[in-house]
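Please open the structure in a viewer and keep the sequence beside it.

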Amino acid sequence: MIQTLIDEIPRFFTASNVNFLAAAAGRTLLLSVIGCMIGGAIGFMLVCIRQTRSPWLAPLRVTAIAYTEIFRRIPFLVILFLVLFGIQVIAPTASLFTIALTGVCIVATAFLSEIIRAGFESVPRQQIEAAEVMNFSRMQIIWMVVAPQAWKVILPPAFAFMVMFVKDTALASQIGVVELTFTGKILSNRGFSATLTFGVILLLYFALSYPLTRLGRYLEKRLASPHN
């Protein structure tokens with residue numbers, strides 16, 4: 001078996017196959033990073049809405065809570081199919097990548113908003129009340145008091161979620177997105193051994209996720225330390 005793999009390697013690593021794998025890795029990374037960045041931004045806004053106290057904003061608070069609670073409990077694959085059929089009605093020409101990215105954003109928004117909320121609530125209540133006594137606005141309290149201290153709680157689970165999503169984007173292959181796992185199936189169907197094909201796919205997933213883990217640790221140290 002080992003000799004068979006060694007003989008197969010030169011035929012596997014041709015320029016076209018390498019470009020094919022690189023393009024799939026790029027799509028996997030883009031789905032995870034762009035989806036989580038957009039989800040993080042929208043999730044942050046949802047948390048800010050939940051932090052408000054005005055009775056006029058009560059419907060928005062209920063909507064933000066309902067969104068988070070609902071989409072955290074629906075499997076990612078189900079959301080992908082719902083987005084696929086929904087977008088095909090609204091925009092039939094939308095690409096499969098756009099559909100998958102929309103699904104990632106929906107899920108990332110729900111999960112990251114909960115992570116951000118937990119970070120916000122880790123800040124001692126007395127500090128927020130002191131800022132209110134000093135007539136800080138709600139946004140000033142968030143930007144000047146809460147957010148700087150919440151980083152050390154938010155960053156580790158946020159990057160862990162992003163790394164998890166690098167792997168979960170494999171489900172996008174179910175709607176036809178040619179990401180890493182789908183690329184492995186295609187190459188396996190071309191006659192390459194599954195051991196070699198998915199061994200390479202495994203290494204590529206590691207190559208994508210490990211730098212994100214390191215970046216998370218670096219940012220955690222740089223942004224969370226009171227000495228920086």
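How far apart do the end C-alpha atoms of residues 141-166 lie, and what percentage of the span is helix? Select that span: its end C-alpha atoms lie 34 Å apart, and it is 100% helix and 0% strand. Helices here are DSSP runs of H or I with at least four residues, strands are runs of E with at least two, and both are numbered from the N terminus.

Before going further, note that this is a predicted model, in which local features need pLDDT of at least 70 and side-chain atom pairs count only at pLDDT 80 or more, while totals for chains, interfaces and linings use all residues. Residues are numbered from 1 along each chain as its sequence is written, and side-chain values use heavy atoms, with hydrogens and water left out.

**The whole chain**

The average is 89, and 97% of the residues score at least 70. Confidence is lowest in helix α1 (residues 2-12), with a mean of 80, and highest in helix α3 (residues 58-71), at 94.

Along its principal axes, the C-alpha trace spans about 75 × 50 × 25 Å. Of the 228 residues, 39% are buried (under 20% relative accessible area; exposed is over 50%, and partly exposed lies in between, with a 1.4 Å probe and protein chains only).

Switch to a surface view. The chain exposes about 12,500 Å², and carbon and sulfur atoms supply 70% of that area; accessible areas come from the Shrake-Rupley method with a 1.4 Å probe.

**The annotated regions**

Select residues 25-213, which the unreviewed UniProt entry annotates as "domain: ABC transmembrane type-1". UniProt annotations may be inferred rather than shown by experiment. This stretch is 80% helix and 0% strand, and its end C-alpha atoms are 17 Å apart.

Within the same record, the feature "transmembrane region" is placed at residues 29-49, 70-91, 97-120, 141-166 and 192-212. Select residues 70-91 from that list: the span is 77% helix and 0% strand, with end C-alpha atoms 25 Å apart.

Move to T28, which lies in helix α2 (residues 15-51). Is T28 buried or exposed? T28 is buried, with a relative accessible area of 0%. Show its contacts, meaning heavy atoms within 4.5 Å. Leaving aside neighbours within four places in sequence, T28 touches V166, T169, E179, L180, Y205 and L208.

From there, select L180 in helix α8 (residues 180-189). L180 is also buried, with a relative accessible area of 0%. Beyond neighbours within four places in sequence, the contacts of L180 are L21, A24, A25, T28, I201, L204, Y205 and L208.

**N135**

Finally, centre the view on N135, in the loop between α6 (125-133) and α7 (138-168). N135 is exposed, with a relative accessible area of 67%. What is the phi of N135? Its phi is near 65 degrees, a positive value in a residue other than glycine. Most residues other than glycine have a negative phi.

Technical notes: pLDDT is the predictor's confidence in each residue, from 0 to 100.
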